[in-house]
Amino acid sequence: MKLMLNYIKKHTGMFLIAVAFLTIETFADLLQPTFMSYIVDKGVKGQQLGLILQYGLIMLGITALGAVGAVVRNIYASKTSQLIGKEMRLAIYEKVQTLSYENIDRLQPASIITRITNDVTQMQNFINGIMRIMLKAPVTCIGAVALIIFQMPALLPLMLVILVCAGLLIYGNMRLGYPRFDRMQRKLDGLNRTSREFLSAIRVVKAFRAEEQEREKFADASGQLAEAGISSMRVMAVFGPLINLTVNAGIVIMLWLSGQELSGEIGRLMACVNYMTQVSFALGMVSNILNSAVRAVASSARVQEILDEAPAQREGESAVDAAALEGSVAFEKVTFAYAGTARPAVQEADFSVRAGETIGIIGPTGSGKSTLINLVPRFYDATCGRVLVGGQDVTRMPMAQLRQMIAVAPQKALLFTGTIEENLRWGDKNAGQNEIRRAADAACADAFVTKLPEGYDTQLGQGGVNLSGGQKQRLSIARALLKKPRILILDDCTSALDATTEAKVLSGIRREAAGMTVLLVSQRISTVMKADHILCMEDGKICGFGSHEELMAECEPYRAIYRSQIGEDEQRKEGGAFCG
C-alpha cells in the first residue's frame, strides 16, 4: 500500500481535483431523496403544483451538477491512474535493467513480465477505484445514515447494528481474500511461464509432435489458475450477499418500526428506504473495492519485491579511462558457482591473454566454456579469485566503462524487432553506411542482406524470426564487429554455419579483428586449432592451455576431441581455422 501512496503523492493535484468533483457528485446523490420527500409530503400531499415544480427544478439542477461532477471526476481519475501505471511500469523496467543475471534467474522472467503487466494493472485499477468508488462509498454511507437518523432519530440503534455487522463481514472478507488473491497471482506466473516456454520453443514442439504433452502442461497451469480464481471469487460470493442481507433485513425492520411514526408522511418513509438502499449500495461498493484493495496490496508486495531487489553485483567505484586500457584478459584462481548449485561451474581458472591475442576455448558440452567468458563482461561475478581486464579488476571498474571495451556475439543470436540496420547500429549508433556494410561483409551477411527486397531496411520480426539461424548469427557477428571493441567474445557464434561459410566468416573476422583480443569459444577443433593459445576445459576445470602442438603432446582430453573430429592419422588443415 505504501508504494501506491507514494505514487499518488506525485499526482496530488489531479488526485484532489478528482476527489473534489467526486464529493460534489456524492452530495448530489444524497440530496435527491430528501427533495423527493419534499415533493411528496409538501407538494403532492398539499396539492401545491408550485412546490412540485420548484422542488423538481431543484432536483434537476442537483442532477446536472452531479453529472458534471461525475464527468470531471472520471476524466481526472482515469488520467491519474494511467499516468501512475505508466510510471510504475517504467520504474520496474529501469530496475530490472540494473539487475544482474543472478537476480533475473532468481526472480524468473515470466514472473517479472506478470508483475510489469498484470500486477501493475491491479494497482492501477485500485487507484482508479479510489477516485471513483472508494471515497464515494464511505461518504455516501455516512451521509445516508446521517440523513436517515435526521429523518427518523429512533433508527439510530438499528443503523449502528447494521454498520457493525457489515464492518465485521468486510473485515472477514479481507482476511480470507488476501492469501487467496496472492496465490492467484503466483499461479498466473506459472501460466505465463508455461505459455512463454511453449511459444519460444514452438518449432521443437511441432518437430517432436509434442503438442499433446504441451497441451496437458498448459491445461494443468490453467487449471491451477482457475482453481485459485474460484477460491478467491468464492470469498466474494459468500460475503457480498451477506452484506446485502444485513442491510435488507435492516430495511424490513425500519419499515416495521416506522409503520406508526411515519404513517402520514410517505415522502419521509420513501426517503428513508431510498437512503437505506444507498447504504446497501455503498457497503457493496466498499466490499468490492476492498476486494480490489486486497488484490492490489498483494500485487504491490510483488512489485515492491522487484524494486527492493538488491543487485547481486556491486557497481565498480574506480573510474578508469577505457580508451587508455589495453585489451589484456587474466584469470587469477577464479572459481564460480551458480546460485543454488553446490558444484562450481568453473574451478580454479588461472590463465592470461595479452592484448591483441586470440585464445580458442574448447571442451565438451557443459564443461564451463560459456560460463568462463561470461565472467569477463561481468554477466556474473566470480565466487572466488579475480578477473582482470587491462590489468584492472573488473569488479572495481564501472560496468559501463568495462562493457564499452567488450563486444559479444552469443551462440543464440538475439535480434530485435526493427530493421536490419537498426539491429546492426546497436554496435555503433553513429556508424556510417560504409562502416555498416564493411562489418556485414566481414561476417558474410552483406551478400544475403542486399538480396532482400528492402535490403538493410528489411523489417525483422521478434527475435529475427524471418531469418534463418545462420543469417541471424552472421548479423550478430557483424553487430559485434561494428562496435570495434578492445575485446571480442565469440561464443560458439558460428555453430549454425556450414564449414565453407564458417571459413569465410572467420577469415573476415580475422581481418576486422586485427589488434583486438579475441576469446573464441567453439565446439569445432578446426576453428580454434590455429589460435595463439588454446584453452581446453573439462568439468569446469582447465585441463590444458597452450598451442595446438603443445596440447596434442600434453593434453589427453584435447587429443580425444581431435581424434573424434579430425581423425588420428589424418592431419588435414581445415579451412575454418581462425588463424593461419
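Two strands count as a pair if DSSP finds at least two bridges between them. Keep that in mind for the notes below, and remember that the model is a predicted one.

1. Let us start with strands β4 and β5. β4 covers residues 384-389, and β5 covers residues 392-393. The two run antiparallel to each other and share two bridges, so they just reach the at least two bridges that a pair needs. V389 is the residue that stands opposite Q392 of β5. Together β4 and β5 make a hairpin, with two residues between them. In that turn you will find G390, whose phi is positive, at about 60°.

2. **The other partner of β4.** Which strand pairs with β4 over five bridges? That is β1, residues 329-336, and here too the sense is antiparallel.

3. **F331, a residue of β1.** Stay in strand β1 and find F331. Is F331 buried or exposed? Its relative accessible area is 2%, so F331 is buried, because anything under 20% belongs in that class.

4. With a relative accessible area of 9%, G316 is buried. Where in the sequence is M397 relative to G316? The two are 81 residues apart, yet their C-alpha atoms are 4.4 Å apart in space. M397 is also one of the contacts of G316, and so are T395, R396 and P398. R378 is in contact with G316 as well, and that residue deserves a point of its own.

5. **R378 and its phi.** R378 is found in the loop that runs from α11 (369-374) to β4. Its relative accessibility is 1%, so R378 counts as buried. Please look at its backbone too: phi is near 65°, a positive value in a residue other than glycine. Why is that worth a second look? Most residues other than glycine have a negative phi.

6. **E348, another positive phi.** Strand β2 spans residues 346-353, and E348 is part of it. Phi of E348 is near 50°, again positive in a residue that is not glycine. Is E348 buried or partly exposed? At 48% relative accessibility, E348 counts as partly exposed, because that class runs between the 20% limit for buried and the 50% limit for exposed.

7. **Q122, in a helix.** Now for the helices. Q122 belongs to α5, which spans residues 109-134. Its relative accessible area is 12%, so Q122 is buried. What does Q122 touch beyond the residues up to four places away in sequence? The answer is Q185, R295, A296 and S299.

8. **E502, in another helix.** Helix α17 covers residues 499-512 and holds E502. E502 has 2% relative accessibility and so counts as buried. Its contacts, apart from neighbours within four places in sequence, are T494, L497, R524 and T527.

9. **The whole chain.** Finally, step back and look at everything at once. The protein chain has 20 helices and 12 strands. Its C-alpha atoms fill a box of roughly 120 × 50 × 50 Å along the principal axes.

10. What share of the 580 residues counts as buried? It is 48%. Among contacts with a separation of 6 or more, 78% join residues 24 or more positions apart. The accessible surface comes to about 28100 Å², and carbon and sulfur atoms account for 58% of it. As for charge, the chain carries 61 positive and 56 negative side chains, with the centres of the two sets 6 Å apart.

Note on methods. Residues are numbered from 1 along each chain as its sequence is written. This is a predicted model: local features need pLDDT of at least 70, side-chain atom pairs count only at pLDDT 80 or more; totals for chains, interfaces and linings use all residues. Side-chain values use heavy atoms; hydrogens and water are left out. Helices (H or I, at least four residues) and strands (E, at least two) are DSSP runs, numbered from the N terminus. Buried means under 20% relative accessible area, exposed over 50%, partly exposed in between (1.4 Å probe, protein chains only). Contact means heavy atoms within 4.5 Å. Accessible areas come from the Shrake-Rupley method with a 1.4 Å probe; for residues, only the protein chains shown count as cover. Lys and Arg count as positive and Asp and Glu as negative; His and the chain ends are not counted. The place of a charge is taken as NZ of Lys, CZ of Arg, CG of Asp or CD of Glu.
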